[in-house]
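Please study the sequence and the three-dimensional structure shown below. The paragraphs that follow lead through them step by step.

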Amino acid sequence: MESSASPSQEPVPGEASEPVLEARGLVREFGPIRAVDGVGFSLGAGELMTVFGPNGAGKTTLLKVLAGALKPTEGSVRLRDRELRTGDPDWNRRIGVLSHQSFLYGHLTLEENLRFYGKLFGLLDLGDRIPERLAQVGLEKRAGSLARTLSRGMRQRLALARTLLHDPEFVLLDEPYTGLDAHAAAVLRGVLTSLKDGRRTVILVTHNLSQGLELADRVAIQVRGRFVHLGPRDSLDLPSFEHFYREKVEKEEAR
């Protein structure tokens, strides 16, 4: 397994030669705490990277930096030809983010929620786009239902439809499987599979080793803000990865 214990400003060997998304030396500090500590990677078009790590590893903070919601203390992020600037509306149009917060309005219907967000993005084809996204997550029959009447799994699926509404080229998913029943998890897995269309670049954060490994092209392990492993998925099998993951986390947390 390829491992990178000390990511630097230089691209990690073996990563995409023509990166779509590239992070260099990312640091995010909160006072004396380095929630993200020198993270660097590059991903090509169509690649999906899964980031694993224990609670408190800095995974969500990393996603917030990549999304432009938090300004990095050090380092840079580039999406194709554009460097991330916090609050940049063009960056926001090119990415889709599914976070712990659904950003849904319970008093609006599913269709109204998506229409609201579609107007924020200036989308003109919402009459076609909204039914397509609802069908993509298996909620087309609930288009007229109030969002507050949905189950936890359905709300997560609606939030995913919102994330993909503007057809982003870069997608960030923070623990998307949390709280989902078997049916909702299967729907999500189908949507994630469809995102691997050779065009989109996806970063998935999850605690579930099996689900996270299943669709990954690249695998990272983050502990105490650092990537202690970064490498291709290749032919990794779950049992050997589970053992490798435990060893990496235990070793780093014992330091």
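A residue is called buried when its relative accessible area is under 20%, exposed when that area is over 50%, and partly exposed in between. The structure discussed here is a predicted model.

Most residues other than glycine have a negative phi. Asp 167 is not a glycine, yet its phi is positive, at about 55°. Glu 175 likewise has a positive phi, near 50°, and is a residue other than glycine. Glu 175 belongs to the loop between strand 7 and helix 6 (182–195). Is Glu 175 buried or exposed? Its relative accessibility is 8%, and therefore Glu 175 counts as buried.

Along the principal axes, the C-alpha atoms fill a box of roughly 55 × 40 × 35 Å. Of the 255 residues, 53% count as buried. Sequence separation gives a further view of the fold: among contacts between residues at least 6 apart in sequence, 71% join residues at least 24 apart.

Helix packing comes next. Helix 3 (residues 110–120) and helix 4 (residues 126–136) pack at an angle of about 125°, and their axes lie 10 Å apart. That angle makes helix 3 oblique to helix 4. The crossing of helix 3 past helix 4 is right-handed. On the side of helix 3, the residues that meet helix 4 are Leu 110, Glu 111, Leu 114, Arg 115, Gly 118 and Lys 119, and their partners in helix 4 are Leu 126, Gly 127, Ile 130 and Leu 134. Sorted by class, this contact has 5 nonpolar, 2 polar and 3 charged residues.

Helix 3 also packs with helix 5, at an angle of about 30° and with the axes 10 Å apart. Helix 3 and helix 5 are therefore roughly parallel to each other. Here too helix 3 makes a right-handed crossing. Leu 110, Leu 114 and Tyr 117 in helix 3 meet Leu 158, Ala 161 and Arg 162 in helix 5. This contact has 5 nonpolar residues, no polar ones and 1 charged residue.

Two further residues illustrate opposite surroundings. Asp 128 lies in helix 4, and it counts as exposed because its relative accessibility is 54%. Between Asp 128 and Pro 176 there are 26 Å in space, C-alpha to C-alpha, and the two are 48 residues apart in sequence. Thr 206, by contrast, is buried, with a relative accessible area of 1%. Thr 206 is placed in the loop between strand 8 (201–205) and helix 7 (209–214).

Which residues does Thr 206 touch, not counting residues up to four places away in sequence? They are Thr 50, Val 51, Phe 52, Glu 175, Tyr 177 and Gly 212. Glu 140 lies 27 Å from Thr 206 in space, C-alpha to C-alpha, and 66 residues away in sequence.

Notes:
Residues are numbered from 1 along each chain as its sequence is written. This is a predicted model: local features need pLDDT of at least 70, side-chain atom pairs count only at pLDDT 80 or more; totals for chains, interfaces and linings use all residues. Side-chain values use heavy atoms; hydrogens and water are left out. Axes are lines fitted to C-alpha atoms, for helices over the stretch in contact, and angles run from 0 to 180 degrees between N-to-C directions. Helices (H or I, at least four residues) and strands (E, at least two) are DSSP runs, numbered from the N terminus. Angles under 35 degrees count as roughly parallel, over 145 as roughly antiparallel, 65 to 115 as roughly perpendicular and the rest as oblique. A crossing is left-handed if the near helix is turned anticlockwise from the far one by less than a right angle, and right-handed if clockwise. Contact means heavy atoms within 4.5 Å. Ala, Val, Leu, Ile, Met, Phe, Trp, Tyr, Cys and Pro count as nonpolar, Asp, Glu, Lys and Arg as charged, and the others, Gly among them, as polar. Buried means under 20% relative accessible area, exposed over 50%, partly exposed in between (1.4 Å probe, protein chains only).
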